[in-house]
Amino acid sequence: MRNSLFRIPARFLRKTPLWNLHKEQNATMAEFAGFDMPMIYKGVSIPQSVEHTRSVCSIFDVSHMLQTRLTGEAAVTAIESVCTADVAAMPDNSGSLALFTNDQGGILDDLIVNKISNNEIYIVSNASMAEQDFAILETAAASFGCRLEKIETGLIAVQGPKAAEILQKGTTTDLSTLSFMQGADLSLFGIDGIRATRCGYTGEDGFELSIPAEAVEKLTKKLMEDGALLAGLGARDTLRLEAGLCLYGNDIDETTLPPSAVLLFTVPKSRRAQGNFPGCAEIVAQQKSKPDEKRVGLIFQKGKPPARQGAELFKDGEKIGRVTSGGPSPTLGLNIGMGYVPLELAKPGTQLQVKVRKNVFEAEVTKMPFIKCNYYTAKK
Amino acid sequence: MSLVCRRIVQNLTTINFTRQLAVTHRQLNLLFTDDHEWVKVENGVALIGISQHAADALGDIVYVELPEVGDEVEKGDDIGVIESVKSVGNIISPVSGEITEINEELADDASTINRAPYDDGWLVKVTVTDDTELEGLMDEETYAEFCAEEDN
């Protein structure tokens, strides 16, 4: 999520297919990545929304994200030429978190790459980087004789421990066979043509559903009848922080390399060995020489103001790093954050100080995620 | 309070405030600023808080930073900060004078502001040195119209 300091008149903003429902539900709307998006809904505070997601189920409108489909005989080669995932090694109908990188190894965006088959790749990436991402993919498609199309459907994330149970009522597909990051074509409550991926960005079990635009409101209302509550981008940002997940533009950007961001797991060894994506040599070099600084989790002293993006970190009076995301965690009842610190100060338990306005107080380096993530694994 | 909300809630929503204003404040005699603060002057001292409308817009308030007793403030000064889960708002002094008292209870439970912004959720008391500074503040009805206009 990016900060938007300038208010753009709502009439110039794009609307998702769920915009009418957001208004009907009295959401407080704000601009995000050129879209008029719900931040919170009337009568449901952010802490309540977070709690409902962690104990029951919430629905997030993420239709603003860029969805693309890359097709052709060389689709796997094409996508691998611009991102870090080992798509060739992925089974059909599975997805992976991956990165678009530049020639310096910097992160241009994070994305979910789904391999439908060897000839078809389905990609979901950040709304804030949509223009850049589409251009990257267009160039890759052209270079390898593939076709690229923008998918203009509704996209919702249904997240929480009851997500599978709620969706199962509407489909004959056995969802218990789908593990985290696996995908399937579904018919849900009589609506056909839904692409489901068992993922999300909250740390909970759940599904992202790409739904024909004309049917997304009907399906969302159906899920709401069964106990799911709409949740806004405010809750989503808090949930992803609790789950230790990066927000592009805050926690990672084009100057951050994956080892420093602790995202080397998105760059498999096989791809590092092949060396055939932008900046691979630089990423391998940083991995070998160790990065100067590393992304860590932070828990801040109780009773002090929340440390947010931009707060400076100190050790013995010396400025050593910065907070890249931060805020209250309703689940933990603590102020948490993530930020970058020198490698020698990155060990969990390290005591640091943080400055918020004129207050200087304690910050402790901690492991992430802050909460136990509940990703689902199918029984064999 | 100037709503310099750095992250999210930028659009104020009209949640119940017209009704509440009608019921409660007519007797309270509050004046409102266009920074969504209220002022009540008694014996040369201004009691200051934020409006229900502002409290609702901020959402769950988690932290309040107030000035110190004895601080000299000018009208328009940034004298504190109110933070909710996703927003940060600055408290702007509506008058010039000396801080005579702050609401210490808020350090333990800042959410009092959400529950009772016109009562237990007050913020500070400031001596009023120049009565003319109060001219131009809005009564409840004008403030309600001001909020409705701002929302559009």
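**Task.** Determine between which elements of chain A the loop with Ser45(A) lies, and decide whether Ser45(A) is buried or exposed.

**Solution.** The loop that holds Ser45(A) runs between strand S2 (35–41) and H2 of chain A, where helices (H or I, at least four residues) and strands (E, at least two) are DSSP runs numbered from the N terminus. This is a predicted model in which local features need pLDDT of at least 70 and side-chain atom pairs count only at pLDDT 80 or more, whereas totals for chains, interfaces and linings use all residues. Residues are numbered from 1 along each chain as its sequence is written, chains are lettered from A and ligands numbered from 1 in the order in which they are written, and side-chain values use heavy atoms, with hydrogens and water left out. Ser45(A) counts as buried because its relative accessibility is 16%, and buried means under 20% relative accessible area, exposed over 50% and partly exposed in between (1.4 Å probe, protein chains only). The next step crosses to the other chain: the side chain of Ser45(A) makes a polar contact of 3.4 Å with that of Asp60(B). A polar contact is a pair of N or O atoms within 3.5 Å; within protein, one must be able to donate a hydrogen and the other to accept it, and residues adjacent in sequence count only if both atoms are side-chain atoms.

**Solution.** UniProt, in an unreviewed entry, places the feature "modified residue: N6-lipoyllysine" at Lys86(B); UniProt positions are given in the numbering used here, feature names are shortened, and annotations may be inferred rather than shown by experiment.

**Task.** Describe the interface between domain 1 and domain 2 of chain A, and identify the helix that gives the most to the domain 1 side.

**Solution.** Begin with the bounds, which come from an automatic or database domain assignment: domain 1 of chain A covers 10–63 + 153–242, and domain 2 covers 292–366. Their C-alpha centres lie 31 Å apart. In the interface, 7 residues of domain 1 of chain A are in contact (heavy atoms within 4.5 Å) with 11 residues of domain 2 of chain A. About 600 Å² is buried between the two domains of chain A, with 68% of it given by carbon and sulfur atoms; buried area is the accessible area (1.4 Å probe) that two parts lose on being put together, summed over both. Arg240(A), Leu241(A) and Glu242(A) supply 71% of the area that domain 1 of chain A buries against domain 2 of chain A, more than any other three residues. Across this interface the rule finds 0 salt bridges, a salt bridge being a side-chain nitrogen of Lys or Arg within 4 Å of a carboxyl oxygen of Asp or Glu, but 3 residue pairs in polar contact, both at pLDDT 80 or more. Helix H2 (46–55) and helix H7 (233–242) of chain A each supply at least two residues of the domain 1 side that touches domain 2 of chain A, and H7(A) gives the most, with 4 residues. Just after H7(A), Gly244(A) takes a positive phi of about 75°.

**Task.** State how much helix and strand residues 294–372 of chain A hold, and then work out the surroundings of Thr350(A).

**Solution.** For residues 294–372 of chain A, UniProt lists "domain: Aminomethyltransferase C-terminal" in an unreviewed entry, and over this range the chain is 0% helix and 58% strand. Thr350(A) lies in the loop between strand S17 (334–342) and strand S18 (351–356) of chain A, and it counts as buried because its relative accessibility is 14%. Leaving out residues up to four places away in sequence, Thr350(A) touches Leu345(A), Ala363(A), Glu364(A) and Val365(A). The side chain of Thr350(A) also reaches the backbone oxygen of Lys347(A) at 2.5 Å.
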